[in-house]
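Let's take a friendly walk through a protein model. Have the sequence and the 3D view ready as you read.

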Amino acid sequence: MDFTPTEDQAAARDLAARIFGDLSTHDRLSAAGTGTDAALWKTLCSAGLVAAVTDVGLLGLVLLLEEQGRTTAQVPFAASCVYGLLAVAAHGSPEQRERLLPGIGDGSVVVSGALPAQGGVRAGARGGLSGTAPVVPWLRDATHVLVADDRRRLWLVRTADARCEPVELTAPWSAGRLTLDGTPAERLGGDHDGADHDRVDHDRIGHDRIGHDRVDHVYADVVATARTAFAGLQAGVCAGSLARAVTHTNTREQFGRPLAAKQAVQLRAADAYMDTEAIRLTAYEAAWRRDEGLPYAAQALTAAWWASEAGQRVVHTGQHLHGGAGADLEHPVHRHFLWGRQLDAYLGCGSEVLQELGELIAYGEVET
């Protein structure tokens, strides 16, 4: 394995770091409240960073999302790239790719995802969808939503055709409640039941299951991709939280000595650093394997487990090392705490993804 970024990946990462660092500031985040920073989103799209994901792959996206996480930038970058750009590029029909990818790349089309499937949405005989997705991150910004029905088939729905109501989450993700009532929808990959699976390597993504039955492999691939990408986002959130804690403990003095000189502080920070590196490296491995066409289902679950279990430890540490300041809701480190706690349960908490990983191992579906 070689996780060294390519020249294009490194260039995209460095550009993202500059844009997020310059524009996702404490004052701008405070002004945005719980909404999206529209000007920042426009800048990212104009710089070609969304469209670039097609070329830099999932590993490149993970690198970009790390930079977003460091600053907790409030833009639908992860959602639109995962549920829009990568999902349509990998599994969309030729007509869907031609129609949707240019708009997703320039930001005029924003896609969110009503995943994972929870059985609340059903497809009618004529293709309309009915049901409710209680929480859809970035729904308030989306023009389209990738919806999983009760059979784990994926459908694209225009938000203009559905009812969308604002919902507040732990993190400011512009979320909403999606209500469908015979809403028009198009199947990702087309309206056929078999041909859209032809482009998916079943052995590469493993087999998601309901009970003991194999289910839609397109769904499994999109969820594995999303878990990998959001683990990368969590790595950035944790790195940003830890960086703030290091700065604080090096400048804050107690009894004439910096807090960072205390062994207990050093050990706590060292544990957080190791946890952050574990999240980062497992996300890199899963992303690299997908880009290389290798099996990666188990690696995606491993990255998601680290993002959940270690992620919450790190953001708690970051807040704790700030002492009383960490309890201030207006302090920048508190945003990292909120994002970390939101991400630790998104797409499955640690115990849930660990159960899925155990089932993969039990059924002999973990490949190297």
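The sections below look at the nonpolar cores, a pair of helices and the cysteines of this predicted model.

## The nonpolar cores

The largest nonpolar core is made of 79 residues. Within that core, the residues with the most contacts are L61, F77, Y83, L146, L154 and F230. Helix α8, which covers residues 217–251, supplies the largest share of this core, with 14 residues.

Leaving aside residues up to four places away in sequence, L61 touches V53, V56, C81, V82, L86 and A229.

## Two packed helices

Next, look at helix α4 (residues 53–71) and helix α9 (residues 263–291). Their axes are 7 Å apart, and the helices pack at an angle of about 150 degrees. Angles over 145 degrees count as roughly antiparallel, and therefore α4 and α9 are roughly antiparallel to each other.

On the α4 side, the contact is made by V56, G57, L58, L59, V62, L63, E66 and R70. From α9 come R280, A283, Y284, A287, W288, R290 and D291. By type, the residues of this contact are 9 nonpolar, 1 polar and 5 charged.

## The cysteines

How many disulfides does the count come to? The count is 0. A disulfide needs two cysteine sulfur atoms within 2.5 Å. For C45, the closest cysteine sulfur is in C81, 8.3 Å away, so it is too far for a bond. For C164, the closest is in C45, at 20 Å, which is also too far for a bond.

C45 is buried, with a relative accessible area of 8%, while C164 is partly exposed at 32% relative accessibility.

Technical notes: Residues numbered from 1 in each chain as written. Predicted model: local features only at pLDDT ≥ 70, side-chain atom pairs only at ≥ 80, totals over all residues. Heavy atoms only, no water. Core = buried A, V, L, I, M, F, W, Y, C linked by side-chain atoms within 4.5 Å. Buried < 20%, exposed > 50% of the residue type's maximum accessible area, 1.4 Å probe, protein only. Helix = DSSP H or I, 4+ residues; strand = E, 2+ residues; numbered from the N terminus. Contact = heavy atoms within 4.5 Å. Axes fitted to C-alpha atoms, helices over the stretch in contact; angles between N-to-C directions. Parallel < 35°, antiparallel > 145°, perpendicular 65-115°, else oblique. Nonpolar A, V, L, I, M, F, W, Y, C, P; charged D, E, K, R; others polar.
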